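Hello,

Here is the structure I promised to pass on to you.

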Amino acid sequence: MSSVIVTVILGLGLALTLVRRRSVGIALITAQSLTLSIGAFTLTGGRSAAFLVASIVLAFKTVALPLLLRALQRRTPEPRLVPAARGPLSRLAAASALALLAAAAIPPISHTGGYIEHAAIALVLIGITVVATRRPALHQLLGLIVAENGCSLLAVAVPGGLAYLIELGALFDLVLIVTVAAAFVQQIHLVLGTGNTELLRGLRD
Amino acid sequence: MTELAHILASLTVGLPLLAAALTWLARTPRQADVIGRTAAVGTAAPALTLATLALTHGGVPLVDGSWLLIDRASGVLLAVTGVIGLSSALVSPAYLRVAERSWLSATASHSWYYSALFAFWAALMAVPVSGNLAVTWLLIEATTAASALLVSFSGRREALEAGWKYLILTTLGLSVALFGIIVIGVAQAGSGHHGLTALDWHALVSAASSMPRTVVISGFVLLIVGLAAKIGWAPVHNWLPDAHSEAPAPVSALLSAVLLPTVLLIAWRVNDALAPGVGRGMAATLFIGFGLASILVAIPFLWKRMPWKRLLAYSSLEHMGIIAVGLGFASPLAIAGVIVHVSGHAVAKSLGFYASLPKRGSDATVEVAGGNGANAVAKGISLVALAGLPPSPLFVSELLIVVGGFAAGYTVADLLTVIALALGFLGLMHAFLEDVVADEPGGLAGREHSSGMAFSGSTS
């Protein structure tokens, strides 16, 4: 996979730490999944038929998840933007620092994919940062998908990453998890009138 | 024998899935209860038969294939899952009868509850018999999807918080674990093993020592850290006390007594398979580190006065820590202790959770469980057993783990474990004496629910 495509995927993940509008966040995730899927298709030439199936699975993710997220966004209207816990630059700095740290800590996994491997682990950590620093439930869900996209990047870009059957299973599980999370987001909106998870802090010892 | 094992394994996973579909179609709450109870007995029978076969087959696995691995460890977990799953399904009508509300209407909520419960049970049955690391990961992820909605079944604000936290944190943890699996897959490909079969447990065992050491260490650490979030090991345990205290009692029992040890079994299988490549010392350090951290984090909460189910949740954190320490010691005595501990903890903890179920009074109000003599006795037995007071099986298991640690040469870690266990024991005995024996006002009997919800027609 070309380093330009990998950089775009990474950049879209970092951009998610900056945005506040849910619609923009969903658009960024869609673009990231689409770029990942295009990157996978560029590799199908030299790989097996099983890899082509894995690429088709990724392409399906590009269509299915945004549709689900758009439907969720329409069903849970936010009267106003949820106040951010931290400023966009501090979120970006935290995500970048974690990503760089992880890239430095993880040794080379294969002979070919140093940059891809670093980008993949960086995406997992960017996803974790998004979940930790964002208050809206839907943004936390987007963070999960960024982390999963990090796994998908490593799985498709590095030879031997993951069998297509597991890609298929992982996609099924992800759709299942996103569907369950969507049910949660709807119920949270119903109970709180907003998707601000900051208001869900009643359980303390 | 192998053919019979395959049939039983198919029934063990297939029957609860069928039950999930059937209960979904139930038209009335009573119909859902009847189908649920019948299907639970039907599910437990093949599971316990398979567990018996696995445990009595000797040192060789009953089945050792690409899709299925049924060894003695699978047998222990299948037995625990069968017994606790059956008990949880049988006591569920008692919970549902008094559950005031959920996300759905009364009729729909019964069907929905049983469907999710059986789907969760099916996934729990499949994990210990899965023969492939990647497939096992998919099944563990499936347990999250099936159980997250059950955690927040009551629909209350606190339950929503607990369910959401559980869903997000464990899914993130499993993403890290998946990353570790891919790293191992890449290392396997480098050694000439490709495709799904490269991640079979026996393929990993045979190839671990030939994988590049730095890569296998990275994969191993990512896998164990990711699974730690699902097991609830400190410091990635934040979801555990909330989910266990807010879930319906039968679900709390399954979460604590079955889910946590089942994922722990997978962490142990990973350790067993990759240790030749990682190095026994490093693998042991990781397990003992997580174990001691979990016990030490749990202790202050065992001393604190808190709602019954929340106390049990922190006790789960402590016990998962003890099991981790035992797996880290890895001597035959310590492993024997782990097996006794998994079984004893399952029985004692589920008894504690079932004791929190309210009893319907004659005037259609609901008595707090602690106010009921039998339930108070059950709570007392549960607490004493969990504390490890002789003749509790947990006393025997903890003794075996400690002696096993000394035998393996982990003197410092063992001494720390002994001190931590003593503090945990005193904390739980303090709760037993103050809140069960003395039955003080505001004690456990009167503090059934973390949110302080009155027990008049509603339950946890």
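Helices (H or I, at least four residues) and strands (E, at least two) are DSSP runs, numbered from the N terminus. Please keep in mind that this is a predicted model, where local features need pLDDT of at least 70, side-chain atom pairs count only at pLDDT 80 or more, and totals for chains, interfaces and linings use all residues. Residues are numbered from 1 along each chain as its sequence is written, chains are lettered from A and ligands numbered from 1 in the order in which they are written, and side-chain values use heavy atoms, without hydrogens and water.

A pocket, on a 1 Å grid over the protein atoms alone, is an open set of points where a 1.4 Å probe fits, with protein on both sides within 12 Å along at least five of seven lines; lining residues have an atom within 4 Å of a point.

The largest pocket holds about 980 Å³, the space filled by probe spheres set on points joined across faces, edges and corners. Its lining has 37 residues, with A:Val131, A:Ala132, B:Lys165, B:Leu169 and B:Asn238 nearest the centre. α6(B) gives the largest share, eight residues.

The second largest pocket has about 740 Å³. Among its 29 lining residues, A:Leu176, B:Ala119, B:Ala142, B:Ala145 and B:Ala146 are closest to the centre. At least two lining residues each come from α7 (164–192) of chain A and from α1 (2–25), α4 (106–126) and α5 (133–151) of chain B.

Best wishes
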